[in-house]
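Q: Please take a close look at one part of this model: a strand, its partner and the ring contacts. Keep it short and connected.

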Amino acid sequence: MARWCYRHRLVVLILWVGALLGLGFAGSAAGTNYADTFTLPNTDSTRAYDLMEKAFPERSGDTDTVVWKVDDGTVRDQSVRSRIEPALEEIGRMKGVGEVSSPYAAQGTPQISGNGRIAYAQITFTEQANGVPKALVEDVVDTAQDAERAGLQVELGGQAITRTQEPPTGIAEMVGILAAAVVLFLAFGSLFAMLLPLVVAIAALGTGLMATSLLSHVTDVPEVAPLLGSLIGLGVGIDYALFIVTRHRRGILRGMEPEESAVTALNTSGRAVLFAGGTVCIALAGMLVMNMRFLDGVVVATSLTVVLSVLAATTLLPALLGLLGMRVLSRRQRRRLAAEGPESEEASGLAARWSSYVQKRPRAIAAGALVVMAVLALPVLSIRLGATDQGNHQDSTTTRQAYDLLAEGFGPGFNGPLQVVVDGGDGRAGADTDALVSTIRSTDGVAQVAAAPPARGITVIQVVPTTSPQSEKTDQLIDRLRDDVIPASGTEAHVGGVTAVFKDFAAVTGDRLPYFVAAIITLGFLLLMVAFRSLVVPLTAALMNLIAAAASFGVLVAIFQWGWGTELLGIGKEGPITAFLPVIMLSLLFGLSMDYQVFLVSRMHEEWVHTKDNARAVRVGLAETSRVINCAALIMICVFSAFVLSGDMEGAMAGIGLAAAVALDAFILRTALVPAAMHLLGNSNWWLPAGLEKRLPHLAVEPREEAVPEPHARVADAKGADGGSTVIHGFVRTPDGAPVEGAALTLLSKGGRQLDRVTSLADGSYIVSVPSAGSYLLAVTAAEHPSRARHVMVGAEPLVYDVELAEDEVDAVN
């Protein structure tokens, strides 16, 4: 498929552009129909919600609040009313506003605080918050705040009002893309190479978001799902393309033709991308185990974006590689390749030095990494799940000001009232409700109680707690009502409201989370065991995933729950961690960790298969993959951190949490703790019982290459008596014809695998075993001579190839 896409690049590009334009047109025409269904089967808050739907089926439209406060006098003063009432009347006449309930109306006395200095009016729109035109909301805000004067403060709160404070759509994505572009340019040194991962990620993200908006019309997709889809789509889209482009550039630098290099890159790194994308989707699908309807739409949106990222990396990317050809390299690299020939890919520099350091001091590095992760994980012990609201917005926002004014005038619990819904189907609703209201009023933690007139046999009792929605005492009040007050009254009633819903979310999440974690850890263990034929490697990966999750949640608690730097980051006031976030983050973290684990260990496993030397396998694997892993991680950190600018608290939490998780995973676990642990475990890393080996299916992350001879083996019969194998032979000499003894000659496959390694004799002669005809790289190193690497084509007959080592030429390998 890679070769077809490379050769038919214009067709592939037209198909992708057509898909983008077609989905974009359809998405724009159909609009969106996101639905935040925060309900859970068989919970008390869901039963309350169902009863309210039965009693008030016509209920619709978002209700927002205008709050005002006077410094002197009261809100009843004529000087205040003369400014506020005309503004409320003007708002009521706006198209799209259904009703305005004013405290100056006959029934509006409860809307004025006890001291008379704060009052509020409720504005009911004809549509839900996401359906109210933003221009209308802005007109409402401007009209209300125009009534302000010295000594009169006017603020607005509500879901529709919050939309006016959101930054322009796509700002977080744009910042993330720009940051990723800088990292890619520094890594590649080429403008075209930098653009490739970005174009692929943007194409996948665009089609994914448009497809998600269309799916919102046929299934429940929460409003946060596209944000999470953007977050994970940008991250994996850029990283998957990065892995393939890096492999492609390496192939060209080692002497391969661009087409063969692209095909080889897709057949090697492309396979790893397919495997990694599959594991991310499986991890996301694990959220279905939680049986939360709200998460179903998140699974659909994020999985769809990941699938399209993999599809773009394996189809669109080879087409783009075909368009660029050699321009995927920088001008400097192209000049060097033309002047000096292909390079040898031998690890050197900082990555190689760090890998050697880890091998020398595995105990110290493992202990240090564990201490760092343990310290960062400590805050997770105090994690509290709940819901964020407008009280968590920044101090400067009108929604936060309105929230604080309502809390000041009517008590902190006014911002999160509870609804006790009484099912009076037995005809005794009146007496039972009155008794229940009286009992609730005398309950500790209750500030106000008011029962609405019954409708269709259903009575709703509004209960205002004395504490804020995010307070633990409010949670305790809900438990008290459910466990003691309502059962003692003998009335069939259920406690609902936003605060109760999120409390139930937190309780259900806490109960089901261990099963969810066990499921995804077990799945990861089985996948890695099949891929790497080992029990210890997947067990190590499972432990590392748990450590990374604990540390990342520790960072999340310190920032968002303890408030360490929230105002500095511009994300508002501290509060509980959103109840559904652990499930989403664990799914994404599991998938992303598997990406890095597969990329790192696959190279180690490849070296182990050929050398059976664990120390060398771990050292070489780390040296050759740590740079690209760190580069990919840095890109993800930039993309995820940019979602602090999304204007959404859940998006900011997910972005910071995942950025911390990726940073810890890549820079501490995969480049320090994992290799140190594998050095300490030795050959047991690759142990698998013989009986299990026979029963396990074979799942190749890398393509199967031809069977190769044992290292240092020589072919005695130059004509290939073994039926297919042959040799390269010749002499290694200096320019003046002197033989070079002890030169190391290494034969490498197109995929970078070592096939044979020999040493030249006293007369400079050598003979290297070749498994079959094909294209190979012959690298030569010798003391006091620059290294050489040349691309060679071997046919059915032995190849005579003499190597000349000059003393004054540039080292083509290092």
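A: Two strands pair if DSSP finds at least two bridges between them. Strands are DSSP runs of E, at least two residues long, numbered from the N terminus. The model is predicted, so local features need pLDDT of at least 70 and side-chain atom pairs pLDDT 80 or more, while totals for chains, interfaces and linings use all residues. Residues count from 1 along each chain as its sequence is written, and side-chain values use heavy atoms, without hydrogens or water.

Start with strand 11 (residues 726-733). Six bridges join strand 11 to strand 14, and the two run antiparallel. H729 stands opposite I767 in strand 14. Strand 14 spans residues 765-770, and five of its six residues are buried (under 20% relative accessible area, 1.4 Å probe, protein chains only).

Now look at F731. R733 lies over the face of F731, at 4.3 Å from the ring centre. A charge sits over a ring if NZ of Lys or CZ of Arg is within 6 Å of the ring centre and within 35 degrees of the ring normal. R327 also lies over a ring face, that of F192, at 5.5 Å from the ring centre.

Phe, Tyr and Trp (its six-membered ring) pair if their centres lie within 6.5 Å; planes under 30 degrees apart are stacked, over 60 edge-to-face, the rest tilted. That gives eight aromatic pairs. One of them is W68 with Y104, tilted, 6.1 Å centre to centre with 35° between the planes. W68 is in strand 1 and Y104 in the loop between strands 2 and 3, 36 residues apart. W68 counts as buried because its relative accessibility is 0%. Y104 is buried too, at 15%.

Note on methods:
Helix = DSSP H or I, 4+ residues; strand = E, 2+ residues; numbered from the N terminus. Buried < 20%, exposed > 50% of the residue type's maximum accessible area, 1.4 Å probe, protein only.
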